[in-house]
Amino acid sequence: MGDHKDLANEFAVDKIKDLAENIKTCMLCTYNLENKLQSRPMSVQKIDDLGQLWFLSDRNSSQNAEITQNPTVEIFFSEPHDKFLTLHGTASILYNPEIIHELYDPIIKVWMPGGEDDPNLSIIKVIPEDGYYWNNKNGKMVAIAKMTAAFVTGKTMDDGIEGSLKL
């Protein structure tokens, strides 16, 4: 078995930043009117010092409509064999040109042809409440080597560390 270490407050924020900033793309999950989970890939533009996640989105998107109806969201990050992060939180939709300017990356023009000044560009801000993480202690290559050794020998060689996050 791997190690278990629950983290709270600034330690939880540090873990979120460590994992999410490196993975970047997540599955942002909202709930539709039938209370079914709806998932789509999104790129985090920023994680602030409070652990809040900031995204840019089309104001007419399904995620914006669903957040307006129910602000509860789930966020899943994954880098196979290395890093996993699940967050549960509350989302809000913002329209602030200064924040859009701060978060904007030219690649967003692929989805928002009007660029930074596109009138349909909105901000999704997620305030995480809690979550769960798992990552390995010694990096991806060591983890893969230990998994291979475990497969060959039939012995468990878990190199992981996991725990709950509470903000």
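Student: How many salt bridges does the structure hold?

Tutor: Three. A salt bridge here is a side-chain nitrogen of Lys or Arg within 4 Å of a carboxyl oxygen of Asp or Glu. This is a predicted model, where local features need pLDDT of at least 70, side-chain atom pairs count only at pLDDT 80 or more, and totals for chains, interfaces and linings use all residues. Residues are numbered from 1 along each chain as its sequence is written, and side-chain values use heavy atoms, with hydrogens and water left out.

Student: OK, what does D49 pair with?

Tutor: K17, with N to O at 2.9 Å. D49 sits in the loop between β5 (46–47) and β6, while K17 is in helix α1 (residues 9–23), so the pair links distant parts of the chain, 32 residues apart. By the way, helices (H or I, at least four residues) and strands (E, at least two) are DSSP runs, numbered from the N terminus.

Student: And D49, is that one buried or exposed?

Tutor: Exposed, at 66% relative accessibility. K17 is buried, with a relative accessible area of 18%. Buried means under 20% relative accessible area, exposed over 50%, and partly exposed in between (1.4 Å probe, protein chains only).

Student: Which residue forms a salt bridge with R40?

Tutor: E66, and the closest N and O atoms are 3.0 Å apart. R40 lies in strand β4 and E66 in helix α2, so this pair ties together parts that are 26 residues apart in sequence. Both R40 and E66 are buried.

Student: What about K46? What's its partner?

Tutor: That's E102, with 2.6 Å between the closest N and O atoms. Since K46 belongs to strand β5 and E102 to helix α3 (residues 97–103), the pair ties together parts 56 residues apart in sequence. K46 counts as partly exposed at 30% relative accessibility, and E102 is partly exposed too, at 47%.

Student: Back to α2. Which of its residues are buried?

Tutor: In helix α2 (residues 62–69) they are Q63, N64, E66 and I67. Looking down the axis of α2, these buried residues fall within an arc of 165° (taken from the directions from the helix axis to the C-beta atoms), so they line one face of the helix.

Student: Why do residues three or four places apart point the same way?

Tutor: An α-helix has 3.6 residues a turn, so residues three or four places apart end up pointing the same way.

Student: And which residues are exposed on the other side of α2?

Tutor: T68 and Q69.

Student: What do the buried ones pack against?

Tutor: The buried residues of α2 pack against β3 (25–31), β4 (37–43), β6 (53–58), β7 (72–79), β8 (83–94) and β9 (121–136).

Student: New topic: how many aromatic pairs are there?

Tutor: A search of the whole structure finds one. F84 and W134 form a tilted pair, 5.6 Å centre to centre with 55° between the planes. The rule is that rings of Phe, Tyr and Trp (its six-membered ring) pair if their centres lie within 6.5 Å; planes under 30 degrees apart count as stacked, over 60 as edge-to-face and the rest as tilted.

Student: Where are F84 and W134?

Tutor: F84 is in strand β8 and W134 in strand β9, so the pair ties together parts 50 residues apart in sequence. F84 is partly exposed at 31% relative accessible area, and W134 counts as partly exposed at 22%.

Student: Last one: how many helices and strands does the chain have?

Tutor: Four helices and ten strands. Of the chain's 167 residues, 41% count as buried.

Methods. Contact means heavy atoms within 4.5 Å.
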